[in-house]
Amino acid sequence: MSSLFIVVASTLFAGLAMPLGAAIANARSLKSDGLETEFRHSVMAFGGGALLSAVALVLVPEGITNLSTAVASLVFVMGGFCFMAIDMVLDKINTPASQLAAMLSDFIPESIALGAAFATNSETAFLLAALIALQNLPEGFNAYRELNGSVTYSARRVILLFALMALLGPIAGVSGYLWLHQYPVLVSVVMLFASGGILYSIFQDIAPQVKLKNHYAPPMGAVLGFVLGLAGLMLTN
């Protein structure tokens with residue numbers, strides 16, 4: 001099987017988790033008040049755990065291999081500041097698409113890094129693809145709820161929009177596969193930049209929304225999300 005085909009298939013698979021998350025959010029069976037609220041918070045926590053595992057187990061360990069301590073630290077912090085700036089702009093213009101923007105700002109650099117990882121025969125490439133899919137599922141879920149509650153788009157149109165956005169994954173992944181793998185330092189920069197931004201997003205957008213008074217199950221979603229990444233890493237080694 002062509003390596004390029006694997007890159008396209010893996011990034012598309014990860015991207016299609018976004019419309020799948022939106023479809024789950026639209027499911028009528030999840031709209032009973034109490035159950036729906038706890039489920040929604042658990043989904044957010046699961047996404048946070050998957051994001052954290054991608055940073056801690058794949059992106060940072062791979063990213064620091066080609067950079068000095070000073071450069072790695074600077075790039076990581078710059079990623080956090082960049083995502084903070086995006087958050088501030090979105091808040092200023094009062095857009096209902098903040099979750100959507102956050103989802104894309106994670107997905108695109110991660111897909112670039114994924115394509116480069118396949119080009120360099122990284123053992124963690126398939127694990128990274130799985131973790132991207134795991135995080136896109138709850139992000140698609142939350143972004144759908146945000147758009148559906150603020151915009152007059154039909155559910156079908158929002159889900160179709162998310163499906164079209166999934167095509168950005170193969171485009172970014174093929175770019176990383178064909179060009180960036182020749183520049184391992186640049187790949188490391190992309191990974192660490194994305195890591196800093198993702199960590200900012202976890203504590204700015206996801207973690208504060210997970211807590212639910214008199215409910216104790218949602219934080220376990222974060223544990224389950226992280227342990228899936230941990231198990232995947234151990235199985236690939």
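Trainee: What should I know about the numbering and the model before I start?
Mentor: Residues are numbered from 1 along each chain as its sequence is written, and side-chain values use heavy atoms, with hydrogens and water left out. The model is predicted, so that local features need pLDDT of at least 70 and side-chain atom pairs count only at pLDDT 80 or more, whereas totals for chains, interfaces and linings use all residues.

Trainee: How many helices and strands does the chain have?
Mentor: Helices (H or I, at least four residues) and strands (E, at least two) are taken as DSSP runs, numbered from the N terminus. Read along the sequence, the pattern is α-α-α-α-α-α-α-α-α-α. The count is therefore 10 helices and zero strands.

Trainee: Is L127 buried or exposed?
Mentor: L127 lies in helix α6, which spans residues 125–150. Buried means under 20% relative accessible area, exposed over 50%, and partly exposed in between, with a 1.4 Å probe and protein chains only. Because its relative accessible area is 7%, L127 is buried.

Trainee: Which residues of helix α7 are buried, and which on the other side are exposed?
Mentor: In α7 (residues 155–165), V158, F162 and M165 are buried. Seen down the axis of α7, these buried residues fall within an arc of 60 degrees (the arc of the directions from the helix axis to the C-beta atoms), so they line one face of the helix. On the other side of α7, the exposed residues are R156 and R157.

Trainee: Which residues form the aromatic pair, and what is its geometry?
Mentor: Rings of Phe, Tyr and Trp (its six-membered ring) pair if their centres lie within 6.5 Å, and planes under 30 degrees apart count as stacked, over 60 as edge-to-face and the rest as tilted. A search of the whole structure finds one such pair. With 5.0 Å centre to centre and 85 degrees between the planes, F118 and F126 form a pair that is edge-to-face.

Trainee: Where is W179 found, and what is its relative accessibility?
Mentor: W179 is found in the loop between α8 (168–178) and α9 (184–210). W179 counts as exposed because its relative accessibility is 52%.
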